[in-house]
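Keep the 3D view open as you read.

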Amino acid sequence: MSKPLTHNSNAIDFLETWEFSSQEWHSFLKTATELKKEDNIYIAIAFLILGIPFLMLVRGTTFLMATAIVAPLAILISWLRYNYATSYLKLKHKVVKIHFHPDYILINDKKIDINNKNRWIKNMKIVDNKKGIQLLEIDIAWRTRKGNTFDETRIPIPANKLERAQALIEFYSKYN
């Protein structure tokens with residue numbers, strides 16, 4: 001039985017470390033990029049569905065003119081979101097290390113804030129994907145002018161770390 005996670009701000013550096021070989025990471029990378037592409041395609045479609053009629057009604061443009069304006073914006077916004085959201089996935093070392101800290105996660109030397117004055121964990125759960133890889137899905141929320149929004153960060157769970165992943169979920173749910 002593994003020990004429960006605790007937070008002592010004076011003594012703790014990180015809660016948990018997971019390591020992946022480059023082959024394991026590439027296997028996960030295919031899954032993660034597919035999921036992020038799917039998310040961003042939905043955003044682009046929503047942008048088109050809402051943006052085209054909006055321009056036609058508010059500005060009185062024709063359908064073709066509204067499409068010519070909205071389509072490039074939808075593609076650009078989706079592409080930028082995809083590149084930003086997958087920046088932590090790029091392989092930088094032969095062994096990928098993921099460090100879970102109380103306030104952030106360090107993946108491939110990229111810091112992902114999960115608990116500070118501007119960001120917090122909205123939801124955290126273990127999900128199975130179609131390829132048999134279990135993922136730790138973290139919904140990280142933040143405030144915008146028009147309300148709260150969030151984005152998902154997905155992390156593969158090593159086969160021998162499922163219990164530790166559940167301990168992380170429990171820790172963060174109490175810590176937030």
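## The second largest pocket

The second largest pocket has a volume of about 220 Å³. A pocket here is an open set of points on a 1 Å grid over the protein atoms alone, where a 1.4 Å probe fits, with protein on both sides within 12 Å along at least five of seven lines; lining residues have an atom within 4 Å of a point. The volume is the space filled by probe spheres set on the points, which are joined across faces, edges and corners.

This is a predicted model, where local features need pLDDT of at least 70 and side-chain atom pairs count only at pLDDT 80 or more, while totals for chains, interfaces and linings use all residues. Residues are numbered from 1 along each chain as its sequence is written, and side-chain values use heavy atoms, with hydrogens and water left out.

## Who lines it

Which helix gives the most to this lining? Helix 1 does, with 4 residues. Helices (H or I, at least four residues) and strands (E, at least two) are DSSP runs numbered from the N terminus. Among the lining residues are Thr31, Glu34, Lys130 and Arg154. By class, the lining has 3 nonpolar, 2 polar and 7 charged residues, with Asp, Glu, Lys and Arg counted as charged, Ala, Val, Leu, Ile, Met, Phe, Trp, Tyr, Cys and Pro as nonpolar, and the others, Gly among them, as polar.

## The largest pocket

The largest pocket comes to about 330 Å³. Its lining has 16 residues, and Tyr84, Ile112, Arg119, Asp151 and Thr153 are the closest to its centre.
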